[in-house]
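Here is a friendly briefing to read alongside the model.

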Amino acid sequence: MNITQTLGYPRIGKNREMKRALEAYWQGALDRDTLLATFAEVTREGWRAQLAAGIDLIGVGMETLYDHVLDWSVRFDLIPPRFRDLSGLDRYFAMARGVPGIPALDMTKWFDTNYHYLAPEIDASITPQANFGDFLALIREAQAMLGAHVAPIVLGPVTLLRLARLSVDFGEMLSALLPLYRQLLDELKALGVTEVQLHEPALVFGDAAALRPHVEKAYAELSKVGVPLNLVTYFDDLGENYPWIAALPVDVISLDFTRGDNLALIQAHGWPQEKTLGAGVVDARSVWRVRPAETLALLETLRGYAPQMRIGPSSSLQFVPYTAAREKALPAALRGVLAFAEEKLAEVRLLATGETGGMDAPWAEFHAFAPADPAVRSRIESLQPSDFTRALPYAERRPLQVQLPPFPTTTIGSFPQTPEVRRLRARFNKGEISQAEYEAGIDAFIGYTIGVQDGLGLDMLVHGESERTDMVEYFAQKMTGFAFTQHGWVQSFGSRYVRPPIIYADVSRPQPMTVREFRVAQSYTQKPVKGMLTGPVTILNWSYPRADVPRHIIAYQIALALRDEIADLEAAGARAIQVDEPALREGLPLKPDRWDAYLTWAVDAFRLTVGHAAPQTQIHTHMCYSEFQDILPAIDRLDADVISIENARSGDEMLRALAEYGYPREVGPGVYDIHSPVVPTVAFIAGKLASFVQHLKPEQIWVNPDCGLKTRAWDEVIPALRNMMEAVQQVRSKESETRFLHPASLRGNHV
């Protein structure tokens, strides 16, 4: 029998205990001790589940109050000067969320997942210091419960620096960190741990070869401590770097065999016989059960190269919900082929023992339950190049579209999801009110949202999305081919959790999805209201996709459903339609040599969605956490009339890149951070606008928040938007007085 291991576990609580505790703490309704007690119990619950499943080496250390990368910034005292006057949890949450006058750390995607981490900021003012008390206490507590099963998880030094916003020399900062890492390993060794997991997922990046001297230096130093080291990578294969990584002085190397092709690398280069292979063969980012025949064959092949082998998930299990056993509302045929975290623990154990008999049976029943849809397949097969192209180029269609004042203002789409909104939906879902009563309530919320925007003077309005629980789930619920969990929550960041739909069959749209609410909103105002859709790539990437159909085919199926929705919105009078694609960059492969293939079909899916839109229809898209500098040709090829982007936390890097590229269409850089409770001042927003005109032509610039306002309260949103409008009026007056804008660029009043 093989030894089993885990690399991390869900950490939000089966009933979202951490969300409730965090938000109550931030609101002053919960004290520090109760918050920490909740965190401790959620953590212990995860340990108990792994111990009960018979896992031999349980990874401990990914548990966090907010973000595990932020935790290591704090543990190494990588604290930017603006936070130094704060301490304890006040400092920790200020780094995560910001406070008045102190912006938060930049938040971006954790590799190609929908999890967001807080990027360390490291400049010359920072001298790393050891602050390991909380981590060592966690390990001691785990040892008291789990004994020798504890394998501490430490974020590796190379990955920590590779993911940081670094304005000092990489090698110099690594030299400053390594003595602290050695100190930590010494202390863990003194605790009697049998092994330490050093997570270095940065080694799967395409530029990992440039990190080689740093990696070799780091592990030459760390191996001297004498505690067994497990070098853990995931999310892709090691590529051309495999031979030198395999030679590093570590005892175990854990690889992902569910993404990339680490098997081919082992077959080509062999395996160092003195090392143990950690075989990540259970997909930690998928909700589907393993195919035992395939997985056992893979393990048998690997065993021929690596006689010392252990079995586990491919990465942390934080990317899947806790257990499929609670999902009683799902059809039995579907439930039988699902595996969430607890089921994956069982799979790991069964694969280790070889006792996999009967694991294939549910798949036959499932395939009978989810047959192909011939109409959907036929539509995909009949697509032509013209289906992916607007009728007129941008320069010719732009004069036909809605005309607005200079620096037109809008928002990204959602407005506060208040307790009243959630209560209305809950009552409807429980059958306590009728469809008519529910729609009347939603219409009242829409009317209020339109009234606020109209009263503040925004130029292009949105209906506020009060009927939507989630920007992906809402659309998935109105299409075929999707299934939905009741308890399937996973962490996106902090206390923000999502419940990804499961794509199990062909996708189509039986009827309009957003037209009724658009009509209601437009009836309340003479100003243009945007139709609001989530794009095909985001719906795909923020769902659990089926594994038996190529991803691009699923994206095209979703695109055709959305294309039909656009036609219905246009027929209802929509002059602007936003198709959000915040997950476009997220899905980018981790190695650049695979980018073109992905970007080709991902951009084509967007173009298929909007390709038949009339030239008079202004197509917007939105992308948050917009590190798109390296894929600007793909962003350009989207051919969206307006693109809004996150900008408040990340600065103006993207604007500079757009300017250097010569991006020809319109851009709405975010003027304030909606993930912070801080209300931006007029001066702050005016400063942002002043910076925008340094990079873009005035006629290109739209003004909007960073992202949707769903998570904020009305008493934050209204003053923030009021300040935004005041800053815009100042800029409009200034530009008019100085004649900075050419008269031909002025858009006049709305129509």
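**A parallel sheet and its surroundings**

Five strands form an open sheet in the order E17-E18-E19-E20-E21, and their pairing is parallel; strands (E, at least two residues) and helices (H or I, at least four) are DSSP runs numbered from the N terminus, and two strands pair if DSSP finds at least two bridges between them. Please keep in mind that this is a predicted model, in which local features need pLDDT of at least 70 and side-chain atom pairs count only at pLDDT 80 or more, while totals for chains, interfaces and linings use all residues. Residues are numbered from 1 along each chain as its sequence is written, and side-chain values use heavy atoms, with hydrogens and water left out.

- Strand E20 (residues 642-645) runs parallel to E21 and is joined to it by 4 bridges.
- Within this pair, Val642 stands opposite Glu666 in E21.
- Helix H22 (residues 551-571) packs on the sheet, where it touches E17 and strand E18 (576-580); contact means heavy atoms within 4.5 Å.
- The direction of H22 makes about 170° with that of E17, with axes fitted to C-alpha atoms (for helices over the stretch in contact) and angles running from 0 to 180 degrees between N-to-C directions.

**A closer look at Thr617**

- Thr617 sits in the loop between helix H23 (595-610) and strand E19 (618-623).
- Is Thr617 buried or exposed? Its relative accessibility is 4%, so Thr617 counts as buried (under 20% relative accessible area; exposed is over 50% and partly exposed in between, with a 1.4 Å probe and protein chains only).
- Beyond its neighbours within four places in sequence, Thr617 contacts Arg390, Gln401, Glu570, Ala574, Arg575, Ile577 and Asp641.
- Of these, Ala574 is 43 residues from Thr617 in sequence, with a C-alpha to C-alpha distance of 7.4 Å.

**The whole chain**

- The chain contains 27 helices and 21 strands.
- Its C-alpha trace spans about 75 × 65 × 50 Å along the principal axes.
- Of the 751 residues, 62% count as buried.
- Among contacts with a separation of 6 or more, 79% come from residues 24 or more positions apart.
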